Amino acid sequence: MGAHLPPALRRPAVLWTALIAALAAAVITVLVVVPGDDTGEASYLDPDAPIADRVADLLGRMTIEEKVGQMTQVAVPAIEGVPADIGDLGIGSLLNGGSDALRDTPEAWAEMIDGFQSEAMGSRLRIPLMYGIDAVHGNGALPGAVIFPHNIGLGAAHDPALAAEAAAITAAETRATGVHWTFAPCVCVARDSRWGRTYESFGEDPGLAVEYAGPVVEGYQGEDLAANGSVLATAKHYAGDGGTALGSSTTDDYLLDQGVTTLTEEELRSIHLAPFKAAVDAGVGSVMVSFSSTDLGDGPLKTHGDAYLVNEVLKGELGFDGFVVSDWQGVDQVSEDYAEAVRTSINAGVDMVMVPFEYRRFIDTLLAEVDSGGIGEERIDDAVSRILTQKFALGLFEQPYADTAGAAEIGSAEHREAARRAAAASQTLLRNDDGLLPLAGDESIYLAGSGADSLGRQMGGWTASWQGSVEAVTEGTSIRAGLEAVAPDAAIAYSETASEPIGDADVGIVVVAEDPYAEGIGDAGAGAHDMRVSEADAAAIDTVCAAVACVVIVVSGRPIEITSHLAEVDALVAAWLPGSEGTGVADPLFGETPYGGRLPVTWPRSNDQEPMNVGDAAYDPLYPFGFGLQTA
Ligand code: GLC
């Protein structure tokens, strides 16, 4: 044995010393680095250790299976029957899509999530789950939570601080139910108002989204993500979701949503990327990639598989150090070959996949791709490090279970007052002939229209369910009740279709409304939602406004085609989707607050003028971007 050893090691004493040292090193290696070491006090469990050290320590202990589990997000209905899978597979995150009201009290929500969390905490390394939800204008999934105006109304208010306040209240009313993460804010820039997600944007001008992105992210995330009034925020949908062309959708029955955004890279950067830079600079912890595709000149590319936009621009150039989450089955759209779809998306920079149903197929496919070298383990480690970093920041390793202390404030008078202010500030006065508004508050008022007494319509989509409902699906104050509360001396007669006699009313108020919708189902012309005044509401306008001085209030997620209905209308107000506090619509109507809203989107004369945006060469709207009459 000695003959082929180097001379220095040919002496027995030196040889034995070297052998003992080598053996000791081997033993230490086995003790310290082999995956699966869960013995002894681990530094990843040390709350005082820097998060980067905790992440590195934990990552070094994880098997590839545990790492892949962390990258897997599952919808509750897919796993609630087999909760043991959470611990067995090390599932990293759960969600319920669409603001579905899976439970109806904070305690019941907390109990459900804690039940899932206990499965995760039973795993070998006790890595907690992160639970995500679309609390996009209040915690829409929780009956009794305050519902704020959707983003387009907040954009009309031109008040980022107010939007930040709304986000902070939403965060508190969400974390108090055991939910850690909201898929908000949408910092989309809606360039064609026929898009069913126009109301999720702050408007058509990137400057608005840039102005709002940072304050709103900070509103959700607070000073300390671990606090029970903070939730992890998500800037979405990266990038260009609001710039798709009519008819370009790759999803059946949709016209715009999930379509193709064709533009130059400079336009993409100035219009659609700028808000994400603002969100990243504000420290947003997650970014959701868009279903849509971009075509910069060499053909459409699904953003879920766009390594340039995700890896190079978002993570590289913008320096995003949070994690990228896919949209709902968004990875599947990248390729008909599922393995190729997974490989392309993960290599493009997607860190967590909202599978959200066939999670075993996803896990098996991802493991196979790592095994074959299609995805390098360093990519997996990067993704898992990003995810774990947010989990440590959320304090989940110290406090994995719900802290419902804040539940007492859910739906409180203080929170509702903030939502009322936000609704009032979003009201946008577009016509006011003869100074009809504000009303004195002692008039005989004839009230009509489908939006007058419909909490569901005034709250819109993402409220108790994905598409929302015309029913009163949660507590709140309808516009009708708001008028009665703000003007108790007024005599208000209500007839939705104006079928009752108008009598000697001094003034008529007709609240026209869109029925709620979400995503591509709301794309104008795709189906039930046509961005026009309904026949019943048009008839109500004609009846009431022919008889008395009248105000038309539009409850909608976007401008609707109204030009032909205005002949007899004296005052016109865009109320947007004002949320649960209808008093906010009444306040400026009776002069409790001034009208101050300004259009965050261009209001076209007709829908087929879309896309029409401020700055366009040919620009002939009914009301231009930024327009809004003020009252004292
Ligand atoms: C939806 C939406 C996204 C939402 C997610 C979870 O498809 O595109 O905005 O956060 O799924 O509900």
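I started with Glu-519: an N or O atom in its side chain is 3.2 Å from an oxygen atom of the ligand. I count this as a polar contact, a pair of N or O atoms within 3.5 Å. The protein buries 96% of the 310 Å² that the ligand exposes when taken alone; accessible areas come from the Shrake-Rupley method with a 1.4 Å probe.

The model is predicted, so I noted that local features need pLDDT of at least 70 and side-chain atom pairs count only at pLDDT 80 or more, while totals for chains, interfaces and linings use all residues. Residues are numbered from 1 along each chain as its sequence is written, and side-chain values use heavy atoms, with hydrogens and water left out.

A polar side-chain atom of Lys-236 is 2.8 Å from a ligand oxygen. Gly-98 has a polar backbone atom 3.3 Å from an oxygen atom of the ligand.

Next I checked the shell. Around the ligand are 14 residues, of which Asp-134, Arg-197, Lys-236, His-237 and Asp-327 come nearest; a residue is near if one of its heavy atoms lies within 4 Å. By class I recorded six nonpolar, three polar and five charged residues, with Asp, Glu, Lys and Arg as charged, Ala, Val, Leu, Ile, Met, Phe, Trp, Tyr, Cys and Pro as nonpolar, and the others, Gly among them, as polar.

I looked at salt bridges (a side-chain nitrogen of Lys or Arg within 4 Å of a carboxyl oxygen of Asp or Glu). The count is 31. One of them joins Asp-134 and Lys-236, at 3.3 Å from N to O. Asp-134 lies in the loop between β3 (130-133) and α7 (151-157), and Lys-236 in strand β5 (residues 234-238), 102 residues apart. Helices (H or I, at least four residues) and strands (E, at least two) are DSSP runs, numbered from the N terminus.

Last, I checked the backbone. Most residues other than glycine have a negative phi, and most peptide bonds are trans. A cis peptide bond joins Tyr-238 and Ala-239, with omega about -5 degrees; Ala-239 is in the loop between β5 and β6 (260-262). Another cis bond, between Leu-437 and Pro-438, has omega about 0 degrees. Pro-438 lies in the loop between β12 (428-432) and β13 (444-448). Asp-434 lies in the loop between β12 and β13, and has a positive phi of about 55 degrees although not a glycine.

How values were computed. A polar contact is a pair of N or O atoms within 3.5 Å; within protein, one must be able to donate a hydrogen and the other to accept it, and residues adjacent in sequence count only if both atoms are side-chain atoms.
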